[in-house]
Each structure stands twice: as C-alpha cells, then as structure tokens.
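Here are my notes on the model shown below. Please read them with the structure open.

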Amino acid sequence: MDSSVNCPFCHLTLPSSQLQRHANSHFDEDDGLAEKDEQLARDLELAQQLSIQPPSSTFTLQENNTMDEKISCLIALQYRSSFYHVKSPGGLISLLSNCFELDADTNTTVLLSGYVDHFQSLASEDAGWGCGWRNIQMLSSHLLSHRHDASELLFGGSGFVPDIPFLQRWLEIAWEKGFDALGSHHFNNSVYGSKHWIGTTECAAIFRSFGLRARIVDFGPKELQSFFLSVPGTSLTPPVVTANASDKRKAFQVYGPMDRYLVGRSSDVSQLDSIVNDQSQSSTNYVAGGSDQSMANRFPRKKEGHQVLLDWVWNYFSEESLTTSVQNRHVVITNRVPLYFQHDGHSRTIVGIQFRRQQNGVPQYNLLILDPAHRTVALERSLRENAGWKKLIKRGAHTLKKPQYQLCYIDPGIAIGEEMEQLKKIDSVFIEF
C-alpha cells in the first residue's frame, strides 16, 4: 500500500505513487495559464482545508472501511480536474453551432448535444492511456450542466468533474457495489494509480453506479458477435475462448427499445420524427437487458458497411421529443447526452452529427467528434476563426475503417430498486455491419 506524501507545490496529500505525475502537472505547457493558476489556487485552498482534518482522512481507502465511509472519504478528498475553459458562454458547442450556421445550406441539417467541456490528455499525466477517462469527464461535464437529477448524484453531488485518480476510485467503488463483476475481475478489482486502458464497460459501470441508465451498443461483423463484451477494456479483438463459456457476457441481438434507431437507409430525414415517435409509443422498456421481440422485424437489421453506425447516431440525436431548442432550420441543439465512441486502441466523444443530401440524392453523414488527443486551445482557435475545424471535428463514413466499434449512451431518468440491480450486469445490443 502506498504511503501518503504532500505535494511540495500545493501541499495536497496523495499516495507516493501519484506524486511525480501530480507535481509535473504544475508545469504543463498550456496556453490556458490563467485557468491553471486559478486551479492551483483552488488546490491550495483545498490542501489547507485538508490539513486540519484528522489523520484518518487520507486519500487511501482502507479495506476495513464500510462502503459509506469510503464514499464519504472520497467525496471529501476528491478535487476538480483541471482543463482549459473555453471563453464562450456556450463553450465549444456554441462555437461549433456558429460555424455551421455560417456554412450551412438548404441541404444540410446538424444535430448537436448541449454544452460539453473538452478534456484533453496531458503529456505529464495520461498521454497514451487516458483517453477513456477523458471521455468520461466530457460526458460528465454535459450531465452536470444539463441534468439536475444527475448532478445531485454524480460524484457525491460535488457538482464538478473529478480528476482521473478520483474517477479510478469511483470505478473501484462501483465494482465493490457489484457493478460489472467480470470487469472488476479482469482488472483484479483495482485501477487506482494505474495506466490501464479502459473502455465502454468501465464508462457504463461508473455511470450506472450512480443510477444513470448507461447502455452499450456493439457494431461489427456477425462472425465476431459472440466475442463482444466478453472482456472489458479498450481492445475489442476476440479473446481466447476459455472452457468456462458461462463467463462470457451475452451480446443481445437487435430488438427492443434500440430498434427505433435502425431506420432503413432509404428513409427521408423529414420522416424520421414520425417513425421515432411511432416506435417510442410501442416500446417503453428501458430496463437494462430488457427486450421486446415484437420489434425485431420492424426495420432491416443489416446495412451497407459502417453506414449502420452513422444511421444509428443520426437517429439517436434526432428524436423529436428530446429536442430542446432550434438555432435555425439547419442547426438543432438536442437534449441528448454525448456518446462515448470506442474502437480498438482509442476512444472519443461524439457530440453530434451532420446530415447532407448530395446532388445525386444520396444522404451523407459526418460524425462530430471531440478527441482527447486534440488540444482544446487549437479546437477553440479553429472554431473562432472558422478555419481548419472540419479536419479536427468532422468524421465521415470513409474514416470508419475499424472492423468493430462500441458506443455508450445514457438514457433519461434515474434507476432505483430492482432496476439498479439489473444494471449491475453489463450487456450490450449487437448490430451487424
């Protein structure tokens, strides 16, 4: 077990294994120096507060502590993750919306999530392994900004997005509560202080442990269907099949509530709302693992290549009942939570999608993505200048070259009682490429 030490710069108490990474973060080269100075001031204030706490209030969670004690300790000691704050009332999403308003034509429709902060990977902290944690931070920033019910529960009601080490502790607590037992076993019940890659299952486990209805969708070829969600983490390559086949997670066929997103490619955009509304009335079961076999044959199950993923994302953001405001007839700000977007080796956050009907009548989609590997300052600058941002944010079908993808999305509402128990087992809906 790591001994506790104090940071020589902000005097924050933390495990010795974290000291070098934390201390280096004080010297990160970042254009947002003012923001970092403010964060250092907050860290110092917190450190001073912690210095008067009894010796038992350290960041190390003792095995003999009760669950309530561990959570109380974590809530008291967690601190806000530093990030470059975009100097715009609506953040990057507002700047992105402005660019589309200037660039849009009558054949284009853009659907965006609401406010979301961009969390970039830092060379001194998590470069090369932290993308999953950064995407969880992005989704969390949106939830804290847009959903009061979620903000009261996330991270003990702290109202802010914690730094990666504290997210790691929240994941361990989720495991201890019984969420994603197989994932916990895969990581030997511990991720704190490590550089382990994580993926959609860990994202879902964290959010589900707070009562949020996080779901996973797998996209891939049929021959690999049985391997999806058989092990957690970033790598989606098929694992070695063990003799104990019962340990493998079940990857559901396409049926149930998610069928409403599997609209045929020939469907006109103007008809999507009526299709979605019709299905929403026919299927209301949002319980994890729930299914409605009668919905299985409503829409085609197979699309041309990766187009099925783009269609799914379009329909996810286009549900009329969740639309909150329309900037103009081209740009729509929806009430949808951004998507955690995973493939082998990396993950990003989908904050919207662009639809454009080409001259030949064929629809063209572009995912709108925030990548933790990009610098927030560069994203802000490109959007403000309306130059170069498309290369950073837009991703068309031709860029989807991986054989397998996963999405994690969060449905409205808070789970309680029996539904919380069902959320502990993480399954997925499988959609064939």
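1. Of the chain's contacts (heavy atoms within 4.5 Å) between residues at least 6 apart in sequence, 73% join residues at least 24 apart.

2. On provenance: this is a predicted model, where local features need pLDDT of at least 70, side-chain atom pairs count only at pLDDT 80 or more, and totals for chains, interfaces and linings use all residues. Residues are numbered from 1 along each chain as its sequence is written, and side-chain values use heavy atoms, with hydrogens and water left out.

3. The chain has 14 helices and 13 strands. These are DSSP runs, numbered from the N terminus: helices are H or I of at least four residues, strands E of at least two. Of its 433 residues, 56% are buried (under 20% relative accessible area, 1.4 Å probe, protein chains only).

4. Look at P338. The residue sits in the loop between β7 (331-334) and β8 (339-343). P338 counts as buried because its relative accessibility is 0%. Beyond neighbours within four places in sequence, P338 touches S113, V116, L139, H142, T349, I350, V351 and C408. S113 lies 225 residues away along the chain, yet the two C-alpha atoms are 6.0 Å apart.

5. Next, the helix pair. α5 (residues 131-146) packs on α9 (residues 200-209) at about 35°, with axes 10 Å apart. Axes are lines fitted to C-alpha atoms over the stretch in contact; angles run from 0 to 180 degrees between N-to-C directions.

6. Which residues in α5 meet α9? They are W133, I136, L139, S140 and L143, against C203, I206 and F207 in α9. By class, this contact has seven nonpolar, one polar and no charged residues (Ala, Val, Leu, Ile, Met, Phe, Trp, Tyr, Cys and Pro count as nonpolar, Asp, Glu, Lys and Arg as charged, the others, Gly among them, as polar).

Notes:
Buried < 20%, exposed > 50% of the residue type's maximum accessible area, 1.4 Å probe, protein only.
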